[in-house]
Amino acid sequence: MFVSSRTRVFWIYCAVLLLKCCWEAVTAQLSYSVSEEVNPGTSVGNIAKDLHLNLQSLETRMFQIVSGSKKKYFDVNVKTGVLYVSERIDREELCAKAAKCSVNVEAVINEPLNLYRLEVTILDINDNEPVFSEKVQSLNIAESTLPGVKFGLIEATDSDVGKNGVNTYKLSANDHFSLEIHKGGDSVSADLVLQKPLDRELDSVMKLTLTAVDGGNPARSGTSQIIINVLDNNDNPPVFSKSLQKVQLPENSPSGSTVIVLNATDADEGLNREIEYSLRKKGQDSILDLFQIDPETGAISVKGKIDYEESPAFEIHAQASDKGQPPMSAHCKVLVEVVDLNDNAPEITVTSLLGTVREDAKVGTAIALVSVLDRDGGRNGEVEAGITGESPFKLETNYKNYYSLVVNGPLDRETQSLYNVTIAAGDEGTPPLSSTSVVTVYVSDVNDNPPRFPEPLINVYVKENSPYGEVIRRVTAGDDDIDQNGQVTYSLLPSNTDSLPVTTMININSETGDLVSLQSFNYEELKTFRFQVQATDSGVPPLSSNVTVNVFILDENDNSPAILPPYSEHGSVNSESVPYSAEAGYFVAKIRAVDADSGYNALLSYHLSEPKGNNLFRIGTSTGEIRTKRRMSDNDLKTHPLLVLVSDNGEAPLSATVSIEVVVLESSADIQTQFRHVPIKDDSFSDLNLYLLVAIVSVSVIFLLSLITLIAVRCHRTDGSFSRYSAPMITTHPDGSWSYSKSTQQYDVCFSSDTLKSDVVVFPAPFPPVDAELISINGGETFTRTQTLPTKEKVRT
């Protein structure tokens, strides 16, 4: 009872194991069968149904059949999912005499990519009849030959296999001979057997018909004629020790190697006993090319190249003939089994699925199908394949020696756009053989890089009054992508500058990035503005990046000095009086002027144009104060016309003039000018006093704010885009004047030593201060100038 239970458990385990193997075989691949020579378009099977695929998505997912052979025998209808024959199939051409003929194909579907292994077995049909290599066979038989002696016949061949191959032989009706059929595996042969003694005197030549019939339905046949020549007596034929012999022969055996030594004996005496060996001349042409026999020793040796892959076995028909008259012979069959050697390296075949692979391809994306075949048998034909070297790819096993080349890591076309993937395959023979194949994988571009500007901030300097339509700067951005993904176009982002759209001032060439001015700029109205340029590529979806452009307007000397009241009336002659007793340095008048420009273009200097020989008056170059140089003398004129020239410091300088007539009075009591007559007690508040008060208060406030700002900046500096222009600058001069600058303006404030006629003159400075000129005024009312030019930014003119 215990033994019975163990036996039952054992058989259950075997059944489960068998079912598991069968299930793995089914899930490994789909198998179909189709007969050869069917019409193109014949249905093989519905693979969409068998693979459980959605019929509506086959076309969009690019469902296709990939064949590893040179001819594409099968294809799929993406409308119906049916696998059909696309080309004529000849089993004999495809597989020759192989017992099983199959075509391996793979079905590929994308999104996601899946591979399916298909095996289509080609069924043989009886489309070939048996064929004899010789239509006429001749036999020489002595009349004394005893009944029962056998004579070998040339066999028929049939290109079909299995039951469609040669099945039997038939002999035409006669009184002396019959057939003995030999079947071994797929081989069917026949011997002619003498049934009744021959009589040469009655019939010296006999003609028989040998018919070979295959097993097809309906059966096909072929015939060969046998001519028997009846010879005179030679009592005993030679006899082989074995009529059928088997031997093994290593593949690639060198020429001359002995295969086997045949031995035959003859019971006769003398010449009738001497035996000569030979190979049958008819029906085995390929054998005669590969083997030879020594006529005396009976040794069969190698004559040609023995290749297991071309023919794993040979059937040699040999005969032994004596030298009697007539000669008698015997036949022997030698079956040679070729022993395979590892003389074939694996063959790698690559079928590309994708022309190029996108650089954003996911891990596992199939690129190509790889098949590795070894023509050797056994372990010599077992192969392993893999990828050598470092690469973002790997081989995945699909079925037996079929692989998929798939993505195994991130790809970046900008880093490497081409990979030479080396696939190596080796067999398990002794010694092992290997081969390699290089697959070139091209990586296609994906729009994964936005355009990039070389710097995040661009400063552009433009002179005021420059003509519109000029290119003030070219901005360029580079894109690491190629083709459409790397084509960059430029545009302006919407922005306003003091309620004025930037598009009314600047235009950009979308292809070159040239910035073109749309108007002539006036520094006195607009000193700086900023906008953003966007660079966009042509990829899908497009990528873009921005750069900020700061435009600085550079001041030009386009404004002449303007004389301030009370001397501003054009064409009028202003009059001032001086007492005759005035000492040297006596204050006569103060000329005030302003310039709408900035910097050196607004730095004014005063010059006095007097009649020749008159050296009574002088004017402060920077203050505009007219004073006497010396005391009056009796030789001096009573009236002195003076022409004051006020000029700026621009290139080229602009100027303005004012005429003053100075009258010398005998008594100081006669001087009635508004500047000198200052009542000690006057309740009225004059306009001049109001101007002076406002100016002094303004200057004081500005000075205090400047000091506070200077302290704040020194305590906490910021890194803004204009921080280098934010530090205030205060400069004192020997004549008592001082200058102040902050941000984009610098002011020069001048005070006179005469408290009665002191005024404030403010000079705006150019922008930016770092490129301004520094002026120092010495006690002799002359000035020196030191200018620092820009060293990094190029100013467009």
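Student: Is Tyr 169 buried or exposed?
Tutor: In this predicted model, Tyr 169 is buried, with a relative accessible area of 5%.

Student: Which ring does Tyr 169 pair with, and what kind of pair is that?
Tutor: The structure holds seven aromatic pairs. In one of them, the ring centres of Phe 132 and Tyr 169 lie 6.3 Å apart with the planes at 50°, so the pair is tilted.

Student: Where in the chain do Phe 132 and Tyr 169 sit?
Tutor: Phe 132 belongs to strand β8 (residues 131-132) and Tyr 169 to strand β12 (residues 166-171). The pair links distant parts of the chain, 37 residues apart. Phe 132 is buried, with a relative accessible area of 3%.

Student: And what about Phe 529 and Phe 531, stacked or tilted?
Tutor: Their ring centres are 6.2 Å apart and their planes are at 25°, so this pair is stacked. Both Phe 529 and Phe 531 are buried. Ring pairs also bring in Phe 521, which forms a cluster with Phe 529 and Phe 531.

Student: Changing topic: how many disulfides are there?
Tutor: The structure holds one disulfide. It is formed by Cys 95 and Cys 101, whose sulfur atoms are 1.9 Å apart.

Student: Why is the disulfide right-handed?
Tutor: The torsion about the S-S bond of Cys 95 and Cys 101 is about 65°, so the disulfide is right-handed.

Student: Are those cysteines buried or exposed?
Tutor: Cys 95 is buried at a relative accessible area of 17%, and Cys 101 counts as buried at 1% relative accessibility. Another cysteine, Cys 332, counts as buried at 2% relative accessibility.

Student: On to charges, then. How many salt bridges does the search find?
Tutor: A search of the whole structure finds 24 salt bridges. One of them joins Lys 323 and Glu 274, with the closest N and O atoms 3.3 Å apart. Lys 323 lies in the loop between β24 (313-322) and β25 (329-339), while Glu 274 lies in the loop between β20 (264-265) and β21 (275-279), 49 residues apart.

Student: Which salt bridge has buried partners?
Tutor: Arg 627 and Glu 625 form such a salt bridge, their closest N and O atoms being 3.0 Å apart. Arg 627 is buried with a relative accessible area of 12%, and Glu 625 is buried with 6%.

Student: What does the salt bridge of Glu 666 and Lys 638 tie together?
Tutor: The closest N and O atoms of Glu 666 and Lys 638 are 3.1 Å apart. Glu 666 is in the loop between β51 (655-665) and α5 (687-715) and Lys 638 is in the loop between β49 (625-628) and β50 (639-647), so the pair ties together parts that are 28 residues apart in sequence. Glu 666 counts as exposed at 56% relative accessibility, whereas Lys 638 is partly exposed at 41%.

Student: Last topic, the open sheet of four strands. What is the strand order?
Tutor: The order is β27-β33-β32-β29, with mixed pairing. The edge strands are β27 (357-358) and β29 (383-388), each pairing on one side only. Strands β32 (residues 418-427) and β33 (residues 434-444) pair in the antiparallel sense over nine bridges. Ala 424 has Thr 436 in β33 as its bridge partner.

Notes
Residues are numbered from 1 along each chain as its sequence is written. This is a predicted model: local features need pLDDT of at least 70, side-chain atom pairs count only at pLDDT 80 or more; totals for chains, interfaces and linings use all residues. Side-chain values use heavy atoms; hydrogens and water are left out. A disulfide is a pair of cysteine sulfur atoms within 2.5 Å. Buried means under 20% relative accessible area, exposed over 50%, partly exposed in between (1.4 Å probe, protein chains only). Two strands pair if DSSP finds at least two bridges between them. Helices (H or I, at least four residues) and strands (E, at least two) are DSSP runs, numbered from the N terminus. Rings of Phe, Tyr and Trp (its six-membered ring) pair if their centres lie within 6.5 Å; planes under 30 degrees apart count as stacked, over 60 as edge-to-face and the rest as tilted. A salt bridge is a side-chain nitrogen of Lys or Arg within 4 Å of a carboxyl oxygen of Asp or Glu.
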